[in-house]
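Subject: Structure handover

Hello,

Here is the structure you were waiting for.

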There are 2 protein chains.
Amino acid sequence: MYTVGMDIGGTNTVFGIVDKNGQVICTDSVKTQAYPVLEDYVDTVAAKVKALTDKVGGFSQIAGMGIGAPNGNYYKGTIEFAPNLPWKGIVIPLAKMFSERLGGMKVILTNDANAAALGEKMYGVGKDLNHFIVITLGTGVGSGIIIDGKLLYGQDGTAGELGHVIVRRNGRMCGCGRRGCLEAYCSATGLVRTTIEKLEKSDKPSLLREIDTKKLTSKDVYDAAVNGDKLAIEIFKMTGTILGEAMADMVCFSNPQAIVLFGGLAKAGDFIRKYAYEAMEKNMLNIYKGKTQLLISALKDADAAILGASALGW
Amino acid sequence: MYTVGMDIGGTNTVFGIVDKNGQVICTDSVKTQAYPVLEDYVDTVAAKVKALTDKVGGFSQIAGMGIGAPNGNYYKGTIEFAPNLPWKGIVIPLAKMFSERLGGMKVILTNDANAAALGEKMYGVGKDLNHFIVITLGTGVGSGIIIDGKLLYGQDGTAGELGHVIVRRNGRMCGCGRRGCLEAYCSATGLVRTTIEKLEKSDKPSLLREIDTKKLTSKDVYDAAVNGDKLAIEIFKMTGTILGEAMADMVCFSNPQAIVLFGGLAKAGDFIRKYAYEAMEKNMLNIYKGKTQLLISALKDADAAILGASALGW
């Protein structure tokens, strides 16, 4: 038997077939933003999933499908108010829509960051930990919280939206409609906003001035930092510091053994980790100091999300 | 059989004998600050506890003792770095010290706010809830977090120090040595600091100007507010608003059914609840709006803490 794991991101939707040992057998993907009409999206993705299942013997060989999606609700199988997805319905019954197109397959949906946390718990750096928080630093900032070895769902499946704690009261506008969220500063998009602000507000020389700000990505800032660009390093320092300050508050909540950074910006490695860890320790209540590791996910992004989501399918 | 429940506060230490039905049979107390020497304190309190146990048949009738104490560590039975207690040792092995003086009685210790949360779960407004956060608004601000019906302890028993999340970056000095903690604004002490600031910074008439600022208490501010004093109401509004902003972030973590206000300031009822609820809802991520109740504990302070702590003794 196999399961299907799917990760719906603001940019890509990736999915694959996973066996009982956690091996990803085959994968496929679509560009999420290419489907402004929800039905087209679900029809296309379902057809591609069906094609993958045919490779392993069809629906009869599939125990179920797990989906990780922004603002995914585990209990209801819906996506609610997801700011980075193209479909503007308030509540989208995605699990039901996929199930109908996949021969009534069992489909379980959760927050994309929750799926990442399940992936880390089962196959990643969280394997031997019972208390940790995964923070996904991608188009947005999400989180999945593991407590006593289990994912925290809360009263209605929406626990762990730590990308939307307020880090700067009345600060930057966030995609959620409020101001000053962690996501507005520490997502890949937030880092680019910081870059544009710093380029405009200072005259410091920087490799980044050679790039059209409309095309600037977090990867460009990383490349500049690797090349010793002082402004780029300053941008990572500011981003890491805000993240670390926020993490010091998170630790007050669940007293975790570790925080795991995951996703696009986490690939910047020590450019983000070092500053974030320093700020976390500096801002931490004394009883917590030195007790929480800051780890970088070692799983490949797409695989981790597929693996985590696939676990829900069993 | 009975258990002993004890609550160690910055001002009072209260303790009592509790039966299986949650009835408080008898209680006693001491002034915590009257014992600057730790051994004197433990000797005195242990002798008073022994006297209470004699009333119900002696140690043989006691299943165990539970203690709620600031910065209490459940796993180690210690108090660590408690800023509002008179003994300045870094780690105080309180459970062991009491056990030695009480015939080897089983003594379990936890954070005072955790004990309050257990009290609410078993006998209070949290009886029918599985996901809630108790915030204690006393000399300090503490919290106990119930997830899936159980108290959250974290990796080493110190989860739930929400009095020390930062609400104003580089803000007021807090007893913990850092700046801008929730406790520095929303404890009874914090409210008094706000009062003194507002009296100094404005010329507004107020009943509070008749009170020596050195003797001013949160109760005075409450009494003035009840009498329609505009400055006093403004002080509650500011305190409630900061609390509500912080609660909106807490909801992002555990998606609770309710937040329960407990302790001295919670007695101000709607003067704190109304403004806190308004600010929580206003600052909340849209997926959480309208889903989290804000409740006031209906248990008597001392009883709730004794009851909650006593539950650890079984």
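The notes below go from the whole chain to the pairing of the copies and then to a few single residues.

Please bear in mind that this is a predicted model. Its scores are ipTM 0.89 and pTM 0.91. For chain A the average pLDDT is 93, and 99% of the residues score at least 70.

Overall fold

Chain A contains nine helices and 13 strands. Its C-alpha trace spans about 60 × 45 × 35 Å along the principal axes. Among the contacts in chain A with a separation of 6 or more, 65% are between residues 24 or more positions apart.

Domains

Chain A is divided into two parts: domain 1 covers 2-117 + 302-311, and domain 2 covers 128-298. Over C-alpha atoms, the centres of domain 1 and domain 2 of chain A are 26 Å apart. Where they touch, domain 1 of chain A supplies 17 residues and domain 2 of chain A supplies 20 residues. On the domain 1 side, helix α3 (residues 112-123) of chain A gives the most, with five residues. That side of domain 1 is made up of eight nonpolar, seven polar and two charged residues.

How the two chains pair

In the interface, 31 residues of chain A are in contact with 32 residues of chain B. Helix α7 (residues 230-254) of chain A contributes the largest share of the chain A side, four residues. By class, the chain A side has 14 nonpolar, twelve polar and five charged residues. The copies meet through the same surface, because 100% of the interface residues of chain A are also interface residues in chain B.

Single residues

Two asparagines stand out by their backbone angle. Most residues other than glycine have a negative phi. Asn71(A) is not a glycine, yet has a positive phi of about 55°. Asn71(A) lies in the loop between β4 (62-69) and β5 (72-73) of chain A. Asn71(A) counts as buried because it has 24 C-beta neighbours inside 10 Å. Asn255(A) also has a positive phi, of about 50°, without being a glycine. Asn255(A) sits in the loop between α7 and β12 (258-262) of chain A, and with 23 C-beta neighbours inside 10 Å it counts as buried.

In chain B, look at Thr13(B), which is found in strand β2 (residues 12-19). Thr13(B) has 24 C-beta neighbours inside 10 Å and therefore counts as buried. Leaving out residues up to four places away in sequence, Thr13(B) touches Met6(B), Ile8(B), Ser29(B), Val30(B), Thr32(B) and Val45(B). Tyr41(B) is 28 residues from Thr13(B) in sequence, and the C-alpha atoms of the two are 9.9 Å apart in space.

Regards

Terms used:
Residues are numbered from 1 along each chain as its sequence is written. Chains are lettered from A and ligands numbered from 1 in the order in which they are written. This is a predicted model: local features need pLDDT of at least 70, side-chain atom pairs count only at pLDDT 80 or more; totals for chains, interfaces and linings use all residues. Two residues are in contact if their C-beta atoms, placed from the backbone, lie within 7 Å. Domain bounds come from an automatic or database domain assignment. Ala, Val, Leu, Ile, Met, Phe, Trp, Tyr, Cys and Pro count as nonpolar, Asp, Glu, Lys and Arg as charged, and the others, Gly among them, as polar. pLDDT is the predictor's confidence in each residue, from 0 to 100. A residue is buried if 20 or more other C-beta atoms lie within 10 Å of its own, exposed if 12 or fewer, and partly exposed in between; C-beta atoms are placed from the backbone.
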